[in-house]
Amino acid sequence: MHELSIAMGIVEAATEEAQKRGVQVKAVHLRLGELSGVVKDALLFCYEVACQDTALAGTSLIVEDVPVVVFCPRCKDRRTLQSVQSFTCPECGSPAGEVLQGKELEVCALEVEDSEAPLQPEEVRK
Amino acid sequence: MSEPRLVEVRRNVLKQNDILARALRDRFRRDGVFVMSLVSSPGSGKTMFLERILTELQPHYRVAALVGDLATENDAARLARSKAPVKQITTGTVCHLEALMVQNALEGWSLPQLDFLFIENVGNLVCPSSYDLGENLRLVLMSVTEGEDKPLKYPTIFNSADVAVITKNDLASAVEFDWPLAEKNIHAVRPGMRIFQVSAKTGEGMKDYLDFLSQQLTESRTVAHS
């Protein structure tokens with residue numbers, strides 16, 4: 001259960017990025033690879049806790065699941081795995097080669113409020 | 001009404017750990033030490049396996065070990081019986097080792113004086129997979145008593161490892177361990193991964209593993225100097 005420390009890392013990274021840009025964050029977008037070793041539900045739960053008493057309190061975490069993409073040595077092409085229990089090419093059945101995608105644990109964007117036209121919180125959550 | 005504005009940032013959450021791990025890897029290469037980490041569930045035989053390795057390598061190589069646990073210094077005391085330098089990393093409530101803990105634990109040790117450094121992670125098949133420790137080789141262990149489907153239950157850690165070792169082979173027939181099935185499951189989540197079958201208790205299969213380690217050390221030094 002290391003999701004709390006990961007969540008704190010997300011809060012820290014997002015806070016720094018927001019401060020650099022002088023923006024008010026409404027939501028944090030995260031790319032989460034299937035091979036990141038992080039459990040999404042646990043992370044969402046921990047995010048709320050990690051935000052408490054910080055500038056990000058009340059913001060939401062929006063997680064984009066990133067599937068595992070491997071290189072298939074036989075097809076000589078990128079292939080998206082159907083399951084992490086089976087590292088085989090979904091097209092030809094060969095053992096998968098190098099993992100090209102799926103280990104991401106990355107804050108990719110901040111949803112921010114423009115100071116001139118502040119949004120109502122209900123609208124942002126949509 | 002204006003739409004919420006999206007600002008692209010792209011920031012790796014584990015960047016700090018990755019930077020430290022890279023620095024450690026460079027340092028290990030510079031100092032000519034081969035570093036192997038061990039991950040497994042609690043009780044799969046990491047410490048016993050490592051104790052055997054340290055004892056067997058000790059007459060021929062300069063070896064040392066770091067061992068992570070939430071609490072107690074028991075494992076360090078066990079490993080110290082091999083007479084190799086051993087340091088316990090007590091993580092408190094943290095369920096895995098991080099690069100910073102390794103870096104701190106190495107303080108006072110002279111790496112150029114070593115051939116092999118072993119890092120035994122906290123017994124956990126989930127969390128350690130996210131953290132690079134700068135090691136050359138990550139070894140995942142599973143014991144025959146845990147069941148052949150362990151790799152399918154924890155694909156991430158098995159996929160992040162370089163080599164698998166099946167331990168407690170002396171108990172294999174008692175638990176009717178299905179070796180081809182275990183091999184199939186390991187290769188389902190990590191195609192082509194090399195698998196060793198050992199019993200640290202009887203010594204079965206240990207020679208193969210020790211030969212493999214010596215070969216890895218030679219190769220890593222050849223690469224470092226080329």
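Residues 24 or more positions apart account for 70% of the contacts in chain A that have a separation of 6 or more. The model under discussion is predicted. Chain A contains three helices and six strands, and along its sequence these elements follow the pattern α-β-α-β-β-β-β-β-α. Of the 126 residues in chain A, 40% are buried.

The description may begin with the helices of chain A. Helix α1(A) spans residues 3-21 and helix α2(A) spans residues 40-51; their axes come within 8 Å and cross at roughly 55°. The two helices are therefore oblique to each other, and α1(A) passes α2(A) in a right-handed crossing. On the α1(A) side, the contact is made by A:E3, A:L4, A:I6, A:A7, A:M8, A:I10 and A:V11. On the α2(A) side, A:A42, A:L43, A:C46, A:Y47, A:V49, A:A50 and A:C51 take part. Sorted by class, this contact has 13 nonpolar residues, one charged residue and no polar residues.

Helix α2(A) also includes A:E48. This residue is partly exposed, having 14 other C-beta atoms within 10 Å. A:E48 and A:V84 are 36 residues apart along the chain, and their C-alpha atoms are separated by 28 Å.

Strands of a sheet pair through backbone hydrogen bonds, and the pairing may be either parallel or antiparallel. Within chain A, strand β1(A), residues 24-33, pairs with β2(A) in the parallel sense over seven bridges. A:L30 has A:V63 as its bridge partner in β2(A). Between the chains, six bridges join β6(A), residues 105-113, to β1(B), and these two strands run antiparallel. Here the bridge partner of A:A109 in β1(B) is B:E8.

The contact between the chains takes 33 residues from chain A and 28 residues from chain B. On the side of chain B that touches chain A, the elements giving two or more residues are β1(B), α6(B), residues 155-160, and α7(B), residues 179-189. Of these, β1(B) gives the most, with eight residues. By class, this side of chain B has 15 nonpolar, eight polar and five charged residues.

B:R10, which lies in strand β1 of chain B, has a phi near 50°, a positive value in a residue other than glycine. B:R10 counts as exposed, with 10 C-beta neighbours inside 10 Å. In chain A, A:K76 has a phi near 55°, again a positive value in a residue other than glycine. A:K76 lies in the loop between β3(A), residues 69-72, and β4(A), residues 77-80. A:K76 is exposed, with 8 other C-beta atoms within 10 Å.

Chain B also contains strand β2(B), residues 34-39. Six of the six residues of this strand are buried, so β2(B) is largely enclosed by the rest of the structure. B:F34, B:M36 and B:L38 point one way from the strand, while B:V35, B:S37 and B:V39 point the other way, and all are buried.

The pairing of β2(B) involves two further strands of chain B, described in turn. Five bridges join β2(B) to β5(B), residues 116-120, and the two run parallel. In this pairing, B:V35 has B:L117 of β5(B) as its bridge partner. Four bridges join β2(B) to β6(B), residues 137-143, and these strands also run parallel. The bridge partner of B:L38 in β6(B) is B:L139.

Methods
Residues numbered from 1 in each chain as written. Chains lettered and ligands numbered in written order. Predicted model: local features only at pLDDT ≥ 70, side-chain atom pairs only at ≥ 80, totals over all residues. Buried ≥ 20, exposed ≤ 12 C-beta atoms within 10 Å, placed from the backbone. Pairing = 2+ DSSP bridges. Axes fitted to C-alpha atoms, helices over the stretch in contact; angles between N-to-C directions. Parallel < 35°, antiparallel > 145°, perpendicular 65-115°, else oblique. Left-handed = near helix turned anticlockwise from the far one by under 90°. Contact = placed C-beta atoms within 7 Å. Nonpolar A, V, L, I, M, F, W, Y, C, P; charged D, E, K, R; others polar.
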